[in-house]
Each structure stands twice: as C-alpha cells, then as structure tokens.
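Please keep the sequence and the model in view while reading.

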Amino acid sequence: IKLKNVSFTFNNTIKDPVYILDNISLNIPKGDYISIIGDNGLGKSTLIRLLLGFLKPTKGDISLNTKNIGYVSQKKESYTSGFPITVEELISSYAKIKKAYTKTIVEETLKLVSLESKRKELVSDLSGGQYQKLLISRSLIGNPDILILDEPSTGVDVSSQTEIYSFLKKLNTEKKLTIIAVEHNLDAAITNSTNIFHVANSKGHLCSPENYIREFKGGNK
C-alpha cells in the first residue's frame, strides 16, 4: 500500500478549504501490522475510508497491489438489534456474496475464533466479544491480502480483547497478513504493531512502537 502526498477535504469547492488530512505519505509493506492512532475526529477513520475506496483523495495518489481486502467496521450492524439471523446464516450469506461458499465454510470460519458452539444462535444474542470475533472471522472469508479494522476492541470485555489481539497477532506473524487498525487501545497498539501511524493536526507521523513510547508518551511531542 502506498500513499503519496494524499490530502482530503469535504469542501474542495471553496478557495481555502480545511483539510482533514494534508499531504500524507505512507508506505505499508506486505506483512506489516500498522496501528493508526490519534485523538477523535482528526482523520483516522477518514484515512481508512480512503484506503477502502469509499472516499477519493482530493489530492495525491493511493495505490494498492490487491483488491482483496477484509474489513471490520466499528459501526454495529442492524442484526445486533434483533434482526433474526443466526451465526451460520451470517457466515453462509457472506461466503456466497464473496463467491467462496463451500459445505465446510461455516465450520472452518467459526473454528478460527472458537465459536463453533454458537453456530445456531442468533447474532443478536452474542456478547460484544463474541460478536467482534465473529466479524473478524467473517472478514477472512476469501483469504484477503489485507485486513482493515476500525477500533477492534470497542465494546469488548478485557478477556475477549486479549483473545482478539492474540488472534490478530497470529494472523500477522504466521500468515503474514497485512493488518491496518484504527486504535484507541494504545497498549494493544504498542504491543502488537510493527509500526504506529500517529495522526494529528491533519498530518501523519510513522514510528516504531518503541519510538512512539519515547516521543509521544514521554511527552516530547
């Protein structure tokens, strides 16, 4: 993934627009685990939407060497509010959309996150942690080259957070899956990431977890 001098604004028709992201350049090699951090409302989710193609850069270029991307959004989907769909129905329908359906896809997908026993349950009856693990496993259908997550630990209990981050780290280190995650969980970002991309004042700064601790958490910036 390469971003070259990427800027974005929602007001590109006015003379001096305010840029949410301004002149961002970033290279993400295959197999990296990048955590995008920064205060709320400063462009983290906008950057994700640009990578996914939901938005187009106002200036600059974004190039990805694959279109096979798994995505786990932060927004809760309608079936968590009582829509009557079971866990296996959710997996099956998504696999069919991805043209990756097989007779064993449900079992294989749920086994990844130890949710086999929840196969017949309604999605709306799952706990926050179970639901998030389900969404992550679903996003892996079709063997994506890149997995993008928007705040994967939001609304998840501590025990499930540990399981989720352990699973993501395993995918990254053993399967060499490129992972990009918008994070508010700084400890998880520091522990799991190969690099951290800090967004502030419409700019971005890439650093290792060790340098982030020294430069930002240490109060130097």
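Strand E1, residues 2–8, and strand E2 run antiparallel and are joined by four bridges. Strands, like helices, are DSSP runs numbered from the N terminus, with at least two residues (E) for a strand and at least four (H or I) for a helix; two strands pair if DSSP finds at least two bridges between them. Within this pairing, Leu3 stands opposite Leu26 of E2. The model is predicted, and local features therefore need pLDDT of at least 70, side-chain atom pairs count only at pLDDT 80 or more, and totals for chains, interfaces and linings use all residues. Residues are numbered from 1 along each chain as its sequence is written, and side-chain values use heavy atoms, with hydrogens and water left out.

The pairing of E1 and E2 belongs to an open sheet of three strands, ordered E2-E1-E4, with antiparallel pairing. Its edge strands are E2 (21–27) and E4 (59–63), each of which pairs on one side only. From one strand to the next, the twist averages 25°. Helix H1, residues 44–52, lies across E1, E2 and E4 and runs at about 125° to E1. Such angles run from 0 to 180 degrees between N-to-C directions, the axes being lines fitted to C-alpha atoms, for helices over the stretch in contact; contact means heavy atoms within 4.5 Å.

Most residues other than glycine have a negative phi. Asn5, which lies in strand E1, has a positive phi of about 50° although it is not a glycine. Asn5 counts as partly exposed because its relative accessibility is 36%; buried means under 20% relative accessible area, exposed over 50%, and partly exposed in between, with a 1.4 Å probe and protein chains only.

A second pairing involves strand E8 (residues 195–200) and strand E9 (residues 203–207), which run antiparallel and are joined by five bridges. Here Ile196 has Cys207 in E9 as its bridge partner. The hairpin has two residues between the strands, and Asn201 takes a positive phi near 55°. Ser202, in the loop between E8 and E9, has a positive phi of about 70° and is not a glycine either. With a relative accessible area of 14%, Ser202 is buried.

Which aromatic rings pair? Rings of Phe, Tyr and Trp (its six-membered ring) count as a pair if their centres lie within 6.5 Å; planes under 30 degrees apart are stacked, over 60 edge-to-face, and the rest tilted. The count by this rule is two aromatic pairs. Phe8 and Phe10 form an edge-to-face pair, 4.8 Å centre to centre with 85° between the planes. Phe8 is buried, at a relative accessible area of 5%, whereas Phe10 is exposed, at 52%. Phe54 and Tyr71 form an edge-to-face pair as well, with 6.0 Å centre to centre and 75° between the planes. This pair links distant parts of the chain, 17 residues apart: Phe54 is in the loop between H1 and E4, and Tyr71 is in strand E5 (residues 69–72). Phe54 is exposed at 51% relative accessible area, while Tyr71 is partly exposed at 26%.

Finally, the whole chain may be considered. The chain has seven helices and nine strands. Of its 221 residues, 48% are buried. Among contacts with a separation of 6 or more, 68% come from residues 24 or more positions apart.
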